[in-house]
Amino acid sequence: MSENILHNEQKLLNLLEKKFLLKESRIIRAKRVEVKVEPKEVIPVLLYAKENSGYIHFAHMSCVDWIEDGEFEVVYILWHPEEKINLFVKTRVPRDNGSLPNIDFIWRQANTYEREIREMFGLRFEGLEGRKEFILEDWNNIPPMRRDFDTEAYVKEVFFHRLGREDAKDVREKIQERTDEELPDFAKKYSRD
Amino acid sequence: MEGIGYKILGALLTTLLAFTVGMFYAGFRRKIIARIQNRVGPPVYQNFLDVLKLLSKKTSVNHGIMQHLAPLWLITMSVSTLMFIPVLKDGLFFTNLNFSGDLIFLLYIMVFGPLGMALGAGQTGNPNSAIGVSRGLTQMVGFEIPWIMAIVALMIQYKTTSVTGLLDIQSQNGTWMMFSSPLAFIAALLAMPGMFRYAPFDIVGAPAELASGPISEFGGKYLSTMMTSGSIFAFVKLTLYVDLFMGGASNLIELVIKTFALYMYPVLWGAVSPRFRTEQAVRYFWGWPLFFGFAALIYAAF
Amino acid sequence: MYNDKESQKIVDIIQNFARKHSLFVLAYGTGCGAIEIPPTMTSRYDAERFGIRGAATPRQADVLLITGYLATKTLKRVIRVYEQMQDPKYVMGFGSCAINGGMYWDSYNTINMLDKYIPVDVYINGCMPRPEAVIAGFVKLQKLIQEGKADGWDRYKKNLDEYRANQKKIITNWVMPDFNR
Ligand code: SF4
């Protein structure tokens with residue numbers, strides 16, 4: 001891809017790099033820009049993107065549990081309606097006792113995502129309001145989307161199982177093998193790389 | 001003594017007739033709507049099965065006395081209205097109490113049932129019922145005004161308030177009031193779909209938004225009583241229209257033909273209509289129907 | 001004379017005939033399968049032929065359709081709806097999710113065996129069953145009713161303690177009105 005096509009993306013990256021201390025930044029591909037920041041930089045970066053760069057649409061916010069690193073990664077996805085670029089702002093906080101600033105004064109709808117992440121991962125947001133119980137009802141186990149929550153054991157213990165499913169095999173290894181395989185020809189044209 | 005025996009038998013026969021005819025009409029309605037939607041539809045006797053099944057259901061709901069009384073109130077209203085309406089012009093069995101009550105009394109007794117229903121629905125405490133009742137009363141204010149205007153116009157024009165009197169006048173003149181006072185007929189006809197509560201005026205029991213409104217807490221035997229009362233009342237309304245505007249009927253076959261023809265009008269309109277909102281319905285009733293009601297009054301007075 | 005076995009048999013036959021040909025289905029959907037109900041009811045498959053029609057509230061309904069996976073949160077509502085329905089009432093479970101958990105069998109918030117929590121009269125298999133299968137399920141239910149075998153409501157009353165224990169295992173915070181049998 002030539003420089004010319006990625007002009008807008010590069011411009012954004014240059015601006016952000018000049019203004020903030022980014023841990024890492026890259027252009028994933030056309031229309032996708034990713035920056036990684038410290039938790040305390042989240043609000044300045046998001047505000048700057050919204051007010052000065054035209055990333056006015058808050059598309060999504062999600063959380064990834066990196067249990068090996070002992071960290072949660074929270075991803076904010078912003079969208080520029082005119083240049084049609086997605087900006088991924090990523091930040092990492094420690095799994096236990098980590099906390100993030102609340103951003104629902106920038107985009108009101110972030111409140112919903114934050115409450116969901118709080119409930120499903122147990123991640124704290126400073127100053128987040130709203131009832132603790134959001135989607136789950138009467139949940140008194142560890143938050144279910146954490147990777148140290150053993151779904152299978154929980155299911156085995158709580159629910160009944162109809163006979164005839166005992167041979168349901170663990171296919172995770174098989175899937176792992178398959179991901180390293182060469183793509184078949186017909187699938188190639190749908191692939192991104 | 002013999003006279004009283006005949007009267008009781010006649011009353012039973014009339015009720016039975018009204019029930020059967022009303023049920024079959026409702027079945028035909030479902031069938032016709034199904035055919036319009038390119039379906040096969042249920043058999044015409046489906047409503048009898050529904051009533052039978054509802055009667056065979058157990059009922060273990062208690063919200064208070066009025067809730068138990070409301071269906072009875074409704075069916076009392078239907079049957080007593082039926083008693084005051086000349087089903088046939090003359091005849092041994094269908095005379096009932098025709099000569100005792102007049103049109104003004106009929107107008108009163110016809111709102112008696114919905115009122116009892118409103119009280120019963122109010123006691124169930126279901127919010128949908130409360131909304132349904134308020135909608136129903138609003139709609140009643142809408143269609144009652146043109147309808148009453150049309151009837152008052154008839155009363156003024158022919159100087160009688162008795163239904164039998166109006167029937168006699170029609171047979172003396174040899175013409176139906178549909179033709180001799182057309183403005184009143186148009187006003188009454190335009191108000192009619194509101195009385196039947198079929199689409200587009202089914203705003204009271206809108207299943208999709210109100211969960212069937214006032215009747216949402218009534219199941220089993222209560223619902224079957226209500227269905228029975230509804231079918232009797234449909235027959236009552238149709239017969240009243242036929243008596244007032246289409247010269248009555250001198251035998252049952254004529255009656256069935258006339259009422260069925262009249263019944264097709266709200267049914268077919270309803271089959272192809274979506275639902276009005278409450279204020280749209282009221283705006284409709286206070287538009288052209290009201291205009292024709294006024295026109296009929298002026299025409300009758302001068 | 002009026003209460004002997006023979007006359008009861010005749011009453012039963014008439015009752016079951018009426019019940020069989022007039023099924024009011026509660027308009028309530030839980031999983032993917034709710035989307036199969038509109039085509040079943042409308043012009044293409046026309047379930048009204050069999051006397052099946054929608055009912056808006058549990059008080060008027062006879063049949064409760066569990067159309068697919070049932071989350072633990074929804075289970076609470078389903079139990080309440082089921083207990084509000086008037087006897088006799090029937091339950092149909094749709095799809096593999098209701099039967100054994102289907103593809104959500106190891107999810108922390110969907111139940112796996114519907115018949116442990118409320119009595120089920122007919123299961124329809126498939127993921128999701130097509131409208132033809134749904135109608136076949138209804139016909140099967142009608143057959144069961146005719147034979148007097150669709151007695152889930154009776155079983156629920158008789159084994160209420162067992163069902164309650166299973167339900168309370170999942171719904172830990174039990175705040176529900178009493179079941180009025
Ligand atoms: S069986 Fe299939 S279609 Fe039905 S609820 Fe489960 S996943 Fe959805």
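Let's start with chain B, whose secondary structure comes to 14 helices and zero strands; here helices (H or I, at least four residues) and strands (E, at least two) are DSSP runs, numbered from the N terminus. The radius of gyration of chain B is 19 Å, close to the 19 Å that the globule rule gives for 302 residues, so chain B is as compact as a globular protein of that length. That radius is taken over C-alpha atoms, and the globule rule is 2.2 Å times the number of residues to the power 0.38. Along the principal axes, the C-alpha atoms of chain B fill a box of roughly 55 × 50 × 40 Å.

A few ground rules before going on. This is a predicted model, in which local features need pLDDT of at least 70 and side-chain atom pairs count only at pLDDT 80 or more, while totals for chains, interfaces and linings use all residues. Residues are numbered from 1 along each chain as its sequence is written, chains are lettered from A and ligands numbered from 1 in the order in which they are written, and side-chain values use heavy atoms, with hydrogens and water left out.

Now for chain C, which has seven helices and five strands.

A cis peptide bond joins C:Asp87 and C:Pro88, with omega at about -10 degrees. You'll find C:Pro88 in the loop between helix 3 and strand 4 (90-94) of chain C. The peptide bond from C:Cys127 to C:Met128 is cis too, with omega near -5 degrees, and C:Met128 sits in the loop between strand 5 (122-124) and helix 5 (131-147) of chain C.

So how do the chains meet? Of the two pairs of chains in contact, chains B and C share the most contacts, a contact being heavy atoms within 4.5 Å. On this interface, 27 residues of chain C touch 30 residues of chain B. The size of an interface is often given as the accessible area lost when the parts come together. For chain C and chain B the buried area is about 2400 Å², and carbon and sulfur atoms give 50% of it; buried area means the accessible area (1.4 Å probe) that two parts lose on being put together, summed over both. C:Glu48, C:Arg59 and C:Gln60 supply 25% of the area that chain C buries against chain B, more than any other three residues.

Seven salt bridges cross the interface of chain C and chain B, each one a side-chain nitrogen of Lys or Arg within 4 Å of a carboxyl oxygen of Asp or Glu. C:Glu48 turns up again here: it forms a salt bridge with B:Arg39, and the closest N and O atoms are 2.5 Å apart. There are also 17 residue pairs in polar contact between chain C and chain B (both at pLDDT 80 or more). A polar contact is a pair of N or O atoms within 3.5 Å; within protein, one must be able to donate a hydrogen and the other to accept it, and residues adjacent in sequence count only if both atoms are side-chain atoms. Helix 1 (residues 5-20) of chain C gives the most to the side of chain C that touches chain B, with five residues.

Turn to the other partner of chain C, and you find 25 of its residues in contact with 21 residues of chain A. The area buried between chain C and chain A is about 2000 Å², with carbon and sulfur atoms giving 57%. Four salt bridges link chain C and chain A; in one of them, the side chains of C:Arg77 and A:Glu137 meet at 3.1 Å, N to O. Helix 3 (72-84), helix 4 (95-100) and helix 7 (160-170) of chain C each supply at least two residues of the side that touches chain A, and helix 3 gives the most, with four residues.

What about chains A and B? No contact joins them, and their closest C-alpha atoms lie 25 Å apart.
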